[in-house]
Amino acid sequence: MLSRYIPTNLIKNREDGVVCWSSPSNIALVKYWGKKEHQIPENQSISFTLNNCKTITKLSYFKNEKPSDTFSFQIFLDGEHKPDFEPKINTFFERIYTYLPFLKDFSFKIETENTFPHSSGIASSASGMSALALCLMSIEKQLSVNKSDFKVSGEESHKYFLEKASFLARLGSGSACRSLEGDIVVWGKHKEIKGSSDLFGVKYPNKVHDNFKNYQDTILLVDKGEKQVSSTIGHNLMHNHPFAKERFKQAEKNITKIKLILESGDLKAFIGLVESEALTLHAMMMTSMPYFILMKPNTLEIINKIWRFRKQSGLNICFTLDAGANVHILYPEIEAEKILNFIKTELVAYCQNDHYICDRVGFGAKLL
Ligand code: DP6
């Protein structure tokens, strides 16, 4: 338990209210895969925050007449009541109750929508959990009597707000803690990244070369189905995994490497590191027990086409993957026209219903 996140003085005299946040998804460059108890990552990870793929969550709260032993909430996605989402939110509320002791004093209505299609195979847990965590922090802020936890005006109180929101989001879904800020976020304590922590994501504090400004991410939706392996099962596969120890060491080294790459703007080195990370993530799944192949034939077709095109054109196009079959194509803004043309003419045919999403690096969550 972390006392610094337990609010000390909340007003007893509660009123109803409503808050609304939008929060983006993110794409990891060095992947988080494997966790300890309490959502503590086994290795450090770093991601680009996205701009267009986001969740918008409106949280209405109504004071309970009588004290309650349980959490009271209803969740709606695109206006439709979703009781099947409730167990996940209930687990989240149980994990964060110590840090938000007002949770049982209200009944909540959670109304959420995603800018990307729900059945697109894009995980909404990062954007969804971060948006909800931010809404809850807005309520905490409103309930703080002497604002002692938010005391110092300006920058410092904002820092506490974001840090605790990321801490809470992590308890909902690990990668969600990297979705609050932009344009690059690190999660996991690393000796070379100042301020980094296992408990929350931090905005990448070091110099970033202009090559990485407004980096593009075109997401090819190869398989829009339900995830074949849930992230909980996936992370658990790293327990007793024969290569886990080496993998965690490699991730730590890759953070050191990417720090140099981000500073120098070396796009060739970036491509090598990012693609290797994606394939290593999949290799971990292929070599665990039980084992899984999460790529589809079209994922491989796309990868091979990217490699061929890169060789022919000399352009700095590369791919990364999450724990699924969809492909994220990353490239610098300056090459966007040529690369997007290639994607449209050569790759979109491998997507389910020709479906793809154009996104780019963004700057984090917004209070609406
Ligand atoms: C492959 O954050 O979805 O996307 O903590 O169990 O909710 P939980 O897992 P989750 O894992 C995402 C893993 C990944 C890589 C990454 O985003 O770093």
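Trainee: Is Asn 254 buried or exposed?

Mentor: This is a predicted model, in which local features need pLDDT of at least 70 and side-chain atom pairs count only at pLDDT 80 or more, whereas totals for chains, interfaces and linings use all residues. Residues are numbered from 1 along each chain as its sequence is written, and side-chain values use heavy atoms, with hydrogens and water left out. Buried means under 20% relative accessible area, exposed over 50%, and partly exposed in between, for a 1.4 Å probe and protein chains only. Asn 254 has a relative accessible area of 6%, so the residue is buried.

Trainee: Where does Asn 254 lie, and which residues does Asn 254 touch, not counting residues up to four places away in sequence?

Mentor: Helices (H or I, at least four residues) and strands (E, at least two) are DSSP runs, numbered from the N terminus. Asn 254 belongs to helix H5, residues 244–264. Contact means heavy atoms within 4.5 Å. Not counting residues up to four places away in sequence, Asn 254 touches Val 30, Leu 273 and Glu 277.

Trainee: How are H1 and H2 placed relative to each other?

Mentor: Axes are lines fitted to C-alpha atoms, for helices over the stretch in contact, and angles run from 0 to 180 degrees between N-to-C directions. The axes of helix H1 (residues 86–96) and H2 come within 13 Å and cross at roughly 50 degrees. Angles under 35 degrees count as roughly parallel, over 145 as roughly antiparallel, 65 to 115 as roughly perpendicular and the rest as oblique. H1 and H2 are therefore oblique.

Trainee: Which residues in H2 meet H1?

Mentor: On the side of H1, the residues are Lys 88, Ile 89, Phe 92, Phe 93 and Ile 96. Their partners in H2 are Ser 125, Met 129, Leu 132, Ala 133 and Leu 136.

Trainee: At what angle do the axes of H7 and H8 cross?

Mentor: Helix H7 covers residues 297–313 and helix H8 residues 336–347. Their axes come within 12 Å and cross at roughly 140 degrees. That makes H7 oblique to H8, at an angle of roughly 140 degrees.

Trainee: Which peptide bonds are cis?

Mentor: Most peptide bonds are trans. Asp 183, in the loop between helix H3 (155–172) and strand E8 (184–187), and Pro 290, in the loop between helix H6 (267–286) and H7, each take part in a cis bond. Omega is about 0 degrees for Gly 182 and Asp 183, and also for Met 289 and Pro 290.

Trainee: Gln 39 and Asn 240 have a positive phi; which of them is exposed?

Mentor: Most residues other than glycine have a negative phi. Phi of Gln 39 is near 60 degrees, and that of Asn 240 is about 60 degrees. Gln 39 is buried, with a relative accessible area of 6%. At 81%, the exposed residue is Asn 240.
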